[in-house]
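Subject: Structure for your review

Dear colleague,

Please find below the structure I would like to hand over to you.

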Amino acid sequence: MATSALAIATAKPLTHRFSNSKHTSSPSFSCSCSSSTPLPPPNEPKFSFNSKPVAKQCVFNVGVGLLAASLLACSPLEADATRIEYFATVGEPQCELNYAKSGLGYCDVIVGSGVEAPRGELVNIHYTARFADGIVFDSSYKRARPLTMRIGLGKVIKGLDQGILGGEGVPSMLVGGKRRLQIPPNLAYGPEPAGCFSGDCNIPANATLLYDINFVGIYSGNAK
């Protein structure tokens, strides 16, 4: 009958038996221990320990335990990453869009309580960018840090400049505010595809883009 690893690991201490034979002056010696191998007769003392399979089994058990512990240790990081991914792919609450003469659609989900976006200064924003069908193609949340960009000097697409800085009937965003923008192709990337690498382009030509903007604050490194 096979012996379990637990039984091997908790085997009883060795016991000594002395045989009551006729030759009492020279008693025979034998060892009794848990083993799957039958013990030899008393007159043929023999020691047998199958230590190698036991050692291999113990090493295997320890390895499995360490692997399980490492998986548990990694789970909080994976959970954080999942939350970031989820935040990036779930839209802000719906709001009714207003339209400027330029064709830019905008509406405030939350009106901020801070200062206005200053022209020509660096600002920090979180954003999620989608195509018109709702598919996310870019997001600062996936990188777990806001984007720092210079506003009002043509460093970004026209729709973002106007949508954050304001103008032509669009009010300037305030720090702490959240705004949804619908940016037509003429205020985005126009007839040319964008975000191209090795022939593959992330944004097709004449794409209408949807942005959820969270105005985090003014960049602290701006020159005074």
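A disulfide is here a pair of cysteine sulfur atoms within 2.5 Å. Please note that the model is predicted. It holds two disulfides. When the bonded cysteines of the chain are numbered in sequence order, they pair as 1-2, 3-4.

One of the links joins Cys95 to Cys107, with an S to S distance of 1.7 Å. This pair counts as a disulfide because 1.7 Å lies within the cut-off of 2.5 Å. The link of Cys95 and Cys107 is right-handed, with 50° about the S-S bond. It connects distant parts of the chain, the two cysteines being 12 residues apart. Cys95 lies in the loop between α2 (51–89) and β3 (98–99), whereas Cys107 belongs to strand β4, residues 105–110. Cys107, by contrast, is buried, at 3%; the term applies because buried means under 20% relative accessible area.

The other link joins Cys196 to Cys201, with an S to S distance of 1.9 Å. The link of Cys196 and Cys201 is right-handed, with 105° about the S-S bond. Cys196 has a relative accessibility of 43% and counts as partly exposed. Cys201 is partly exposed as well, with a relative accessible area of 37%.

With kind regards

Key. Residues are numbered from 1 along each chain as its sequence is written. This is a predicted model: local features need pLDDT of at least 70, side-chain atom pairs count only at pLDDT 80 or more; totals for chains, interfaces and linings use all residues. Side-chain values use heavy atoms; hydrogens and water are left out. Helices (H or I, at least four residues) and strands (E, at least two) are DSSP runs, numbered from the N terminus. Buried means under 20% relative accessible area, exposed over 50%, partly exposed in between (1.4 Å probe, protein chains only).
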